[in-house]
Number of protein chains: 6
Amino acid sequence: MFAHNKRLQYTVRVQETNPGLANLMLEQFGGPQGELAAACRYFTQYLAEDDPGRRDMLIDIATEELSHLEVIGTIVAMLNKGAKGKLSEAAETEAEMYRSISGAGNDSHVTQLLYGGGPPLTNSAGVPWTSAYVDSIGDPSCDLRSNIAAESRAKIIYERLISCTDDPGVKEALGFLMTREIAHQQSFEKALYSIQPNFPPGKLPGMPQFTNVYFNMSDGDASQDMRGPWNNEPIFEYRSAEPAVDGGSGMPELTLRGDEAQIAEQLALRTRSDPDSDPTTGAELGMAGAGEPAKTPPASGGGGRVKGRGAKSDPTNGPASR
Amino acid sequence: MFAHNKRLQYTVRVQETNPGLANLMLEQFGGPQGELAAACRYFTQYLAEDDPGRRDMLIDIATEELSHLEVIGTIVAMLNKGAKGKLSEAAETEAEMYRSISGAGNDSHVTQLLYGGGPPLTNSAGVPWTSAYVDSIGDPSCDLRSNIAAESRAKIIYERLISCTDDPGVKEALGFLMTREIAHQQSFEKALYSIQPNFPPGKLPGMPQFTNVYFNMSDGDASQDMRGPWNNEPIFEYRSAEPAVDGGSGMPELTLRGDEAQIAEQLALRTRSDPDSDPTTGAELGMAGAGEPAKTPPASGGGGRVKGRGAKSDPTNGPASR
Amino acid sequence: MFAHNKRLQYTVRVQETNPGLANLMLEQFGGPQGELAAACRYFTQYLAEDDPGRRDMLIDIATEELSHLEVIGTIVAMLNKGAKGKLSEAAETEAEMYRSISGAGNDSHVTQLLYGGGPPLTNSAGVPWTSAYVDSIGDPSCDLRSNIAAESRAKIIYERLISCTDDPGVKEALGFLMTREIAHQQSFEKALYSIQPNFPPGKLPGMPQFTNVYFNMSDGDASQDMRGPWNNEPIFEYRSAEPAVDGGSGMPELTLRGDEAQIAEQLALRTRSDPDSDPTTGAELGMAGAGEPAKTPPASGGGGRVKGRGAKSDPTNGPASR
Amino acid sequence: MFAHNKRLQYTVRVQETNPGLANLMLEQFGGPQGELAAACRYFTQYLAEDDPGRRDMLIDIATEELSHLEVIGTIVAMLNKGAKGKLSEAAETEAEMYRSISGAGNDSHVTQLLYGGGPPLTNSAGVPWTSAYVDSIGDPSCDLRSNIAAESRAKIIYERLISCTDDPGVKEALGFLMTREIAHQQSFEKALYSIQPNFPPGKLPGMPQFTNVYFNMSDGDASQDMRGPWNNEPIFEYRSAEPAVDGGSGMPELTLRGDEAQIAEQLALRTRSDPDSDPTTGAELGMAGAGEPAKTPPASGGGGRVKGRGAKSDPTNGPASR
Amino acid sequence: MFAHNKRLQYTVRVQETNPGLANLMLEQFGGPQGELAAACRYFTQYLAEDDPGRRDMLIDIATEELSHLEVIGTIVAMLNKGAKGKLSEAAETEAEMYRSISGAGNDSHVTQLLYGGGPPLTNSAGVPWTSAYVDSIGDPSCDLRSNIAAESRAKIIYERLISCTDDPGVKEALGFLMTREIAHQQSFEKALYSIQPNFPPGKLPGMPQFTNVYFNMSDGDASQDMRGPWNNEPIFEYRSAEPAVDGGSGMPELTLRGDEAQIAEQLALRTRSDPDSDPTTGAELGMAGAGEPAKTPPASGGGGRVKGRGAKSDPTNGPASR
Amino acid sequence: MFAHNKRLQYTVRVQETNPGLANLMLEQFGGPQGELAAACRYFTQYLAEDDPGRRDMLIDIATEELSHLEVIGTIVAMLNKGAKGKLSEAAETEAEMYRSISGAGNDSHVTQLLYGGGPPLTNSAGVPWTSAYVDSIGDPSCDLRSNIAAESRAKIIYERLISCTDDPGVKEALGFLMTREIAHQQSFEKALYSIQPNFPPGKLPGMPQFTNVYFNMSDGDASQDMRGPWNNEPIFEYRSAEPAVDGGSGMPELTLRGDEAQIAEQLALRTRSDPDSDPTTGAELGMAGAGEPAKTPPASGGGGRVKGRGAKSDPTNGPASR
């Protein structure tokens, strides 16, 4: 069961209202790398976890992330407070209000018009939060790796936000939130490596002949095909791309039952393309200079070529020449 | 530039059509852990990457994932081929067709009705693929961690699919695809650790006083608060949860400009809740036994309590008693 | 700040694993009327709320909804536990596993294949939760009405779930969760009516001539146009539908600047439809019996009519006649 | 069956083109509180409604909302007309066009670039409309409450839009649309209360011991725990938060069948975390100053602590110090 | 199988970084008409296609679209490169950074803050790509029409983008991409018309009595009901709108089994609206001037009319009068 | 302005309730090819259209599609009516109800549990309708092509639905709806070809050297590279795939300003991968048989190779061998 304490985990001090900055902060409130995503990630893993140590850690961190959601949401709410009042009370002339709403140069108009200054669960583009951001799959060695990656991403988004504001109270609270991602990443790392073995994840081994192969799928000059620890011997066998590495035909093979085959054949016949036809097309009916098209379709031997319309200019030039 | 070879990277052999199995396979075609997500993840990272080694690796693996998308998509198409023909050609009676469409017990009806047997870019629930699945943020140490986690997840989903089919050709192709995730994970691991230092990610250090703290946010019996390497000394300082860890008030602080403050006050006044009122509510107007509610609202001193309606039974009992 | 207690708000007792039932329960975990939606709804309102009474109430109820999310999520996790083990450990033959995965007749395969038995933040169709479900707009009289409606909806979904299971422990826990929606609805009702006046919401009055009009937009027999308190005098003036109720032309009017008008004219000219033309179309090029279409387009005076192809039957008959 | 009259329900007069204002107006066209949502809400309720009075009212109002969708969409189209011509005809230099497209300071570039000046079914952030906004659940007492709330929200969004424009024709049309929401809310209120009883919704009563309890889930100073009609006696019993209010253990209880239990045990063993281990982690391999990490992993007893890298500054300071 | 060549299909030359322009370009990267949509469209059609000619064409064009995705993505990455460095290295003061991030006047802040300057698979509003953009249904005559339409749309979006930049290298590359849409459209047209017949699509003919009817569903002055080839005789029969064109009642008819009918009746009774009631509503409880509402509800005969609150002004006037 | 007539455009007769069939029908209600998509498509085009003929046609057809939405929605509502009553009134035992809810084998449980038997705006997988399905871009020659394609797709989905039911009344109504798509397609074709020229769409011509080129991007045996009218001379010039068709380097070129270049260099240095390193990775720390990994990391020269764990079987074999 959750309980709540009316004091924040970290005191939020905001110097002045700034809805444009509030909009940027939404990335860590309702954005893909934000605190709701983090809290949901660990909370749902906790629910299905049986290992007592991991279970305890997951709910500890999930609860802290909820508390961080409160901190960042409070920052957003404070930064929007002045604008909220003005719009609710229609305290400016319409022209001033229009400029206030649109003037931040980002999506802050959405917070004001649609959400009335309350912190919405969207990212800084106004995109609603979706649980498609949560990538847990119910395997601890995978989910811990996902958590490690998620913490590292959240750390960086905070770093970027810190670079965009000089309000010392906001900076300090963001610094705290950023710091905690570092701590959490370390816990998840420890939890991952205290499962042994944890690689490869799961139960099934790979096919030995392909587990350590690196396929060079992208050609280029020798100088462009880089070698490094990610494809070097002896860990990796460096091979050129080739199809049908199983030694087969590389073509799909399927056995259809008798009736299925017959029906498939019937479908193929009904919808076949005639490679030997020379049909007039809708595009040709619509080409410039095709005259009265319904009556005299373009000779397919030449008129079909698309030519520029008389007055048209090269697409790579500006409108000056039009 | 991409080029295509008409042979698959791995030969697909399908024993018989099975649209229900095809539906499950969609997880690795258009699902969050599937091959389109993998290809898009590495391809977009490649586009913005400047480090020549990582750039080369990313496009090598992106191209291979596209080739895997082709393999799994071919499996889906083959498994659906018989059903596709039957529906297109209306080759069964309506009652048979209805049973065929609905009978797999999962969402295979969607592939047939809406997508005509072609492999749709959805997961096995019919949910359209979204780039919200791609979590790249443009920082190599984060993106490589995300890639490592993504490969581990994809490995497990293949493992689960392998457990659900006894078609040897499908099993073998899935085994190949699963194996390659192991190889790719190793490459991404090597690439991550060839950046030094890579932890904490980014440029900004954490606040030293919070970087190695573990907050015990979830209470319980002593036996439930587990200790382990994820919160043990000397890496971690284990602390009880407490608000306002900065030593401040824990309450949000904001300076509003004079006019903002005045308008905010006006808004607060207009929308205040009167804690001393005792209002009749819409719920009370709608309660059973409230008589002619518009005329005689329930006395708020007692009639407001919700009571069960006469004939109603305990919600925890079955309908037998109703 | 949030804290967590390892005991649930209500004890969950599950008699036996049942992934099909677990799938239905997801409606109240990650569905639109579920507990995550409720918690997010009240938590975000709390963040922006200044009225001390409402603020306290909102966080009390938000915190309880989080605790309910834990209860319903625990039910889902328990119901899936048996299936989770089997798939992770591949403890059945493939044919058994395929039947287990697909056999519940709903979307439970998604929880197992994609989420590994952990409770996903989706509804019972596998659709990811989205904050588009949260309809808060930052005005207390609206948001309280939205909360009242949301509580009533959640109550009903629980009622439906209770009707679908005879596991007494699940029934009892669902009964508790359902009951709390009734309590919360009452609190939100009281909070709404303790704002006076609260109707119409906001600051601006309506245009008096249209505030109490009911337009009868749907014609029918006299017996079908129903009258009732929702359109009766003296509250409502019952009027027939008519366009341009403002007494104007009913047509859009716009003043374009000189250059805009000239450019708009140029665009109109370039893309005009010739109502006097009689063009051959792509459809006609593709009609059966149109012969070698590129050479001899159908005479538009008659051949354009779509006729059934020779062997085709009436669409309202069954395939027997095909 | 629907029919259409070419005249609008309310005449739209637009003084001058203004794509930035058009973008804001999209909230009521394709936004969550907009007219498409309203029309879809009432239309789908109508389809399933059997009560003749409600059924008639729902289609009357649905049809009017469609007519409002036409009014607001016409406003959007008019406001975009000048910009549409310019882009279609490439009537400005590229530099001018770029400024025109990006200059409104909100998302109006999307309407122009992607939708060519036509009104798109998105909100003002460019987010596509989704039926996830429609919260109908097929119970009349709930759906009417949802409709009441939806009308109140739409009223407020119109009020906000009215505050942002001084074009008198736009203001007047918005005023009409806003007014109609007030009328509709009154109809839905009357329809709700003409069902008796309507609270609690549905058939099942709550558990009496929890129906009127208010749990104080959020702690704080006495002065912060507010009392009011939403939690006052005698309607409510005010209780402190406590887990396991059923008197049980508060811990989930589940009976697994024998084989399920054995397999679950096997899974737990395979994936257990060793709380007594002291593993080196990936994070430690990537820490600054960890030397040649592959060769000499950090001693886990101390080197594991994250320290700032040499040149790094406090995150709460500006770049000046970097 | 796919392979990659490190050279682009068309050389990208970018004169200077411009994140605002990069944001607009995203329409053709991750937008609905962009190259990912095109590639996915043709690639998935290829997988299910059996006709050898179409199959070959589809994969040729799919592969080229992937190569175009690389070209447009490279343009986006180049245009963002300068901004990416500045944010990653925090190379400006916070105030400068805030202005840089927000200053483009469109959604470029999302690319920087969330995606770190890498090209995200979103459109220019920051909306994530979704396979809901792909409209393939597995019937070749439909899918080819869809492809024709998609190519024409993509052509126009490129045309709009070309109008917005004067960077000659960007213009030239966009011109190439635009040109290729013209070529692809022609191929899909030829492929469509080489299936004969292809109209109407599918197997079933229409009902002859309705196949060529045009219903005039929108009334207006005679001058507004336009006639043209789209509704002219002899192709079309022009009819006025009328309900029940089948000659029936126009009302839904359903046979319920006995128990179903009885239960439906029970439901109807429980939830009936009383058209003869005159209930007080929640709105009336909240009206201004309703006095102490819980005690003295408004007489429904008159006080229910909504009147403006005392000090309120006409919604069509500006705030000056408030 | 819209008006409504209480009679349907086509009488709906439903023989018996069938929620499973209702679920399939949702494809044409709230699915991507369904009637809401059609109505929204034409209605929004109408709003921005200035050509009087097209404008009239678009609103005529939009209004008819709304009327079709009503027909298909009525079918869905009728098919669900029996099930709706049973769930609302809890008229079966829980076990029966669970079977009823889950037994259709498709997603009909969602309509019942979440939507209470009312027709939801989702497709047959339960995916909410999104305006991302509407592909209008505000250019008439494109939008008409999109409309033509959309009508052809809708025709086919109806054909598939007709094949799945033997209820004669449902079949007949579906047949009517299918037929009208044929009629609409013909109108849109006529409207397209009455714009001359209409190909290529828009104003800008293509680059002549690439407008009629067909690139053979997919290699294979000669027998696999198919030729046909879609790539035949003289319309098309058939060329092999080659990068840098502009004759340039094929590599991106960008001029960074001095400070940008310096900062980019700094970023590159900070995040460089060392290709000559041989780092131990997290994967290696987690490999089986790596011993006490923190203490003795695997020698990177050999131990890094992934080997199967002792007891593991080949992934291509069944569990029998495990």
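Two rings of Phe, Tyr or Trp (for Trp, the six-membered ring) make an aromatic pair if their centres lie within 6.5 Å. With that in hand, let us walk through this predicted model, which holds 51 aromatic pairs over all chains.

Now look at where the two partners sit. A:Tyr10 belongs to the loop between β1 (2-5) and β2 (13-14) of chain A, while A:Phe176 is in helix α8 (residues 168-193) of chain A, so the pair ties together parts that are 166 residues apart in sequence. Both A:Tyr10 and A:Phe176 are buried.

Next, turn to a pair that involves Tyr10 of chain B. The rings of B:Tyr10 and A:Phe210 have centres 6.2 Å apart and planes at 80°, so they are edge-to-face, a label used for angles over 60 degrees. Because A:Phe210 lies in helix α9 (residues 208-211) of chain A and B:Tyr10 in the loop between β1 (2-5) and β2 (13-14) of chain B, this pair joins two chains. Both A:Phe210 and B:Tyr10 are buried.

Aromatic residues can also be followed as a group here: A:Trp129, A:Tyr133, C:Trp129 and C:Tyr133 form one aromatic cluster.

Finally, have a look at rings with a charged neighbour. In chain E, E:Arg227 lies over the face of E:Tyr238, at 3.7 Å from the ring centre. In chain F, F:Arg227 lies over the face of F:Tyr238, at 3.7 Å from the ring centre.

Note on methods
Residues numbered from 1 in each chain as written. Chains lettered and ligands numbered in written order. Predicted model: local features only at pLDDT ≥ 70, side-chain atom pairs only at ≥ 80, totals over all residues. Heavy atoms only, no water. Phe/Tyr/Trp six-rings, centres within 6.5 Å; stacked < 30°, edge-to-face > 60°. Helix = DSSP H or I, 4+ residues; strand = E, 2+ residues; numbered from the N terminus. Buried < 20%, exposed > 50% of the residue type's maximum accessible area, 1.4 Å probe, protein only. Lys NZ or Arg CZ within 6 Å of the ring centre and 35° of its normal.
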